[in-house]
Amino acid sequence: MVESAVQSHAEIVVDSTEKSKIRVLHVDDELGLLKVAKQCLELQGPFHVDAASSAEEALAKLEKEQYDAVVSDYQMPGMDGIDFLKNIRTTSTIPFILFTGKGREEVVIEAINSGADFYLQKGGDPKSQFAELSHKIKRSVEFRESEQKIARLNRIDAILRRINESVVHIHDRM
């Protein structure tokens, strides 16, 4: 009896810990980088990282799973990171970070104009690079959550205003 209670409690703790993690879909055709990024991000922060080696694979995963953010390379075979972003933006406002080795100004401008939340260039010290990526993911997810809360509060405010107007209107009729 005690054993099953302990097991149930452990399952609840594990389940709640998983739910508090930021679910990230990382898309890159460099499989080695996907593995390193997963390890670094999951060690540095409250992340659960899933990987996809192409934009097409990532789109399939996005249809089946719920993610809090997408991190994508720019230069990939098939669909590049900007086209992938544009595809996502037709149906979603999920935070999107372009994490790429391409540092050309026109890529940065196109990414931001297409709806990327952040642009981060690969390279340099891996520890500081993944710390910066971790920070950008957290910041973009927090910002999106704040936007959603504000939208909910605005809807509640509108409902309360209509109720108030109705009450005043009824009161005036009496």
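This is a predicted model: local features need pLDDT of at least 70, side-chain atom pairs count only at pLDDT 80 or more; totals for chains, interfaces and linings use all residues.
Local features need pLDDT of at least 70 and side-chain atom pairs count only at pLDDT 80 or more, while totals for chains, interfaces and linings use all residues. Residues are numbered from 1 along each chain as its sequence is written, and side-chain values use heavy atoms, leaving out hydrogens and water.

A nonpolar core is a set of buried Ala, Val, Leu, Ile, Met, Phe, Trp, Tyr and Cys residues joined through side-chain atoms within 4.5 Å; buried means under 20% relative accessible area with a 1.4 Å probe, protein chains only. The largest such core has 22 residues, and Leu 25, Val 27, Val 70, Phe 84, Ile 88, Phe 96 and Leu 98 are those with the most contacts inside it. Two or more residues each come from β1 (22-27), α3 (55-64), α4 (81-89), β4 (96-100) and α5 (105-113), where helices (H or I, at least four residues) and strands (E, at least two) are DSSP runs numbered from the N terminus. Helix α4 gives the largest share, four residues. A second, separate core of 17 residues includes Ile 97, Phe 118, Leu 120 and Ile 137.

The axes of α4 and α5, lines fitted to C-alpha atoms over the stretch in contact, come within 10 Å and cross at roughly 5 degrees. The two helices are therefore roughly parallel, a term for angles under 35 degrees on a scale from 0 to 180 degrees between N-to-C directions. Ile 82, Leu 85 and Lys 86 of α4 make the contact with Val 107, Glu 110 and Ala 111 of α5, contact meaning heavy atoms within 4.5 Å.

Finally, Ser 134 lies in helix α6 (residues 126-173). Ser 134 is buried, with a relative accessible area of 4%. Beyond its neighbours within four places in sequence, Ser 134 is in contact with Leu 41, Gln 44 and Phe 47.

Key: Buried means under 20% relative accessible area, exposed over 50%, partly exposed in between (1.4 Å probe, protein chains only). Angles under 35 degrees count as roughly parallel, over 145 as roughly antiparallel, 65 to 115 as roughly perpendicular and the rest as oblique.
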